[in-house]
Amino acid sequence: MGKNVAEKLIASHLEGGTMQPGEEIELKMDQTLTQDATGTMVMLEFEAMGIPRVQTEVSAQYVDHNLIQSDYKNPDDHLFLRSACKKFGVHYSRPGNGVSHPVHQERFGKPGKTLIGSDSHTPAAGAIGMLAIGAGGLDVAMAMAGKPYTINMPEVWGVKLTGELPDWVSAKDVILEMLHRHDVDGGVNRIIEYYGPGLDSLSCMDRHVIANMGTELGATSTVFPSDDEVKRFLRSQNREDDWSELKADEDATYDVHEHIELSELVPMIAKPSSPGNVVPVREVEGQEIYQTYVGSSANPGFRDFASAAEIVDGKQVHDRVSFDVNPTSRQILENLMNSGHLQMLTRAGARIHQAGCNGCIGMGQAPATGQISLRTVPRNFPGRSGTKEDAVYLVSPETAAASALTGKITDPRDLEDIYGMTYPDAKEPEDIIVNTDQLVAPPPEEEAKHLELEKGPNVVSLPEFEPLPNAMEVPVLLKMGDDISTDEIMPAGSRILPFRSNIPKISEFVFEQVDEQFFERSQEVKDTGHAIVAGTNYGQGSSREHAAIAPRWLGTRVKIVKSFARIHRQNLANFGILPLLFQDDADYDSIEQGDTLKLTGLREAVQKGNEVEVENVTKGETYVAEHDLSSREIDMVLEGSQIGVVKKEFTAA
C-alpha cells in the first residue's frame, strides 16, 4: 500500500517506535525554530544542559514578538539571544526582520525536512512539504542537542480540495471553514494533509495560511505536497536547488477523510472569543467596528497586503477605524514599496507598523474598550489583544479591508455594489526583491566557544525543581471549565512578556485573566503546594512553556482535568507537574475550589501502573485518576524536570 505525504515524512525520520496511530515514536529533527517570547527560555535551558553547540542541520532564532522597547528588558533580552546564537551556533534574526514563520519559509524551508519550533504555529512550514511541529521550549532545546522528538503517532486526516476559490474568498476562509466544521479540538492527535486538484490554485503563501491555523484545530501538524508551486516559490527566493518533489502515492490512503469544494466557500468570520466560533460574515454584518488589522503569521504573504491595498486604493478608511497594517518581513515591506502597494495603504489612512507579530500577541495596537476589532491573526482568545474585555473577530484580508472602508463588518462581495469595485485578485510579481541579509549566521565553533553570554538584570537563570514527593496533601487552588487556553494560564501582552526570562517575576501574572487573586492565594500555600482542576482541552493554544514553568514555581504539583491539549500536557511533564485525567468525568463535578486533596504512595503508583487514588479530605470521597505518561515522561516527573534527567545523562556520558 502506498504512503501519503505525512507518512513519507515520518518514515524518513523515524528513529524509534512503529507508525501505528497512538504508538509512541521518535523523530529525527533536521531544523529548529525559536522566537524571542519562548527562545530566551530555550537558550537558558540549552545552557543549563551544558552542551556547547547545536547538533541540527539548521537552527534559527527570530526576534519578532517582544519588539516594544519601553524600557531595558526587551533590548537586554535581544542582546542575550544574539550572544546565545553566536555561542551555540544558531542563525539570528534581529528585531524588525519579520515574523519567524514566513521568514523561515523564505530562507530555510526545505521539502522533505523536519522542523520543531517553540511556537505553536510552527506547522506553517508544512506549506512547502515539511513536517513541522510546535512544541514546548524544552523539547526544542533537546532537539538542538541532537535528541529525537518523541510523540504519539497521529492519525492522518486527508482533506481533498476540488474547484477554485470564488472572487472575494481566500485561503483564510478555507481554514475558517474547517474550524466552522470541527471547532478547536477537531484535529487533536491528527496530522492534516491537503491534496487534490484544488491545490493548483493555491500559492505557497495561501497554503501557509491554512497550515498555520491548523494549530487552532488542535492538530499536531499540517502538510501539503511539494509540487510545481513549491518549486516556483523556492525559485522566487533564489533557492530552487533546495526543491525536491514530495507527493502522496497514487494508492495512498488516509485514516480520516474530508472534502472541501472551494467554489462553494463564502467569506467566513470567527466571533469572540475562540477561533472555532465561526459563522459566515453575512450572519454578523453591519456591526460597527473600531479596528481592522492586516498581517501576522496567519496572513503573511504579498497578496494578503496587496489585496487589501487595492481594495482601499483611492479611498479613505472610515474615520472611526484604526486600520493597522503589520508587514510580516522586511522583504515583504520592500516589495510592497516597490510595487506601489504601500503607498496605496498609507494614502488610504493605514497605520504601518514594523515587521513583526505586534498586536497579534498583544504587543501594541490594543483595541478600544468594548469595541470590535477585525483581525487577520490566528487566534482571538480572551484578552490576548491587550484589552481585557476585547471583542476580536478573525477574518480574511478582504473582509478586513472592506470593513475598514465602511466602518462596520462587511462582506467583501458587497464592495461590487457599494463602490462598483471588481475583485482585485492581487498576485505576487514575477520578479521579487529577495532580502538575503535578514539573518546573521553564527561564527565558527572554535571562535564561538570563547564567547560569553550577555545577561542583563532581567535574565535570570532557571530555578531547579525538586522531585515529585511520595505523598502530598494540597488544596484545589483553582477550578475551571473547558477549553482553557495558555493565554488564560500565562497571559501575553506588553505588560507581561518582557519578564519571559525572569520566572519569579512572570509568575506573578499566572491565571490573572481567570482569577486576579491567584498569585496572592498561591503564596498562602507556598509550603504545601496546590492542585488545579479543569475540564476538557485544557491548555489549548500557544506552546509557551511559561504556562507550565510559572505555575510550577508557584507550587502547582498536580493538575487533574478531563483532557489536555497536546503541547501543554508535554510541557507539564517536562517540568515535573503530574498531569492526571479523571477516570470518571463525573468526579469533576464533585470537586470544588478550596477542597483539600490527598495523594499517597504517589511515586510507586505512577511507576507501577496508570491509576492514582485521589482522596478528597474535605468531602470524604475518593476518586480514581489516571495518567498516560510514557516511561520517559515518568522519569521527568519523578526527577522534577526533563532538564534534571538530561543533566544526569550528560554527566554520566
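Me: Which elements do the buried residues of α3 pack against?

Reply: They pack against α2 (36-49), β4 (58-62) and β5 (91-93). Buried means under 20% relative accessible area, with exposed over 50% and partly exposed in between (1.4 Å probe, protein chains only); contact means heavy atoms within 4.5 Å. Helices (H or I, at least four residues) and strands (E, at least two) are DSSP runs, numbered from the N terminus. This is a predicted model, in which local features need pLDDT of at least 70 and side-chain atom pairs count only at pLDDT 80 or more, while totals for chains, interfaces and linings use all residues. Residues are numbered from 1 along each chain as its sequence is written, and side-chain values use heavy atoms, leaving out hydrogens and water.

Me: Which residues of α3 are buried, and what follows just after α3?

Reply: The buried ones include Phe80, Leu81 and Phe88, along with Lys73, Asp76 and Asp77. Just after the helix, Gly89 takes a positive phi of about 90°.

Me: How do I check the length of helix α3?

Reply: The expected span is 1.5 Å times one less than the number of residues. For the 16 residues of α3 (residues 73-88) that gives 22 Å, and the end C-alpha atoms are 22 Å apart, which agrees.

Me: Why is β24 called largely enclosed?

Reply: Five of the five residues of β24 (residues 578-582) are buried, so the rest of the structure largely encloses this strand. Leu578, Leu580 and Phe582 point one way, Pro579 and Leu581 the other.

Me: Which strands pair with β24?

Reply: β23 (residues 556-561) runs parallel to β24, joined by four bridges, and Lys559 stands opposite Pro579. The chain gets from β23 to β24 through helix α19 (residues 566-574) in a right-handed β-α-β crossover; right-handed means that, with the strands pointing away from the viewer, the path from the first strand over the helix to the second runs clockwise. On β27 (residues 621-626) the pairing is antiparallel, over two bridges, and Leu581 has Glu626 as its partner.

Me: Which residues have the most contacts inside the largest nonpolar core?

Reply: Such a core is a set of buried Ala, Val, Leu, Ile, Met, Phe, Trp, Tyr and Cys residues joined through side-chain atoms within 4.5 Å. The largest has 78 residues, with Met43, Phe511 and Tyr538 having the most contacts inside it.

Note on methods:
Pairing = 2+ DSSP bridges.
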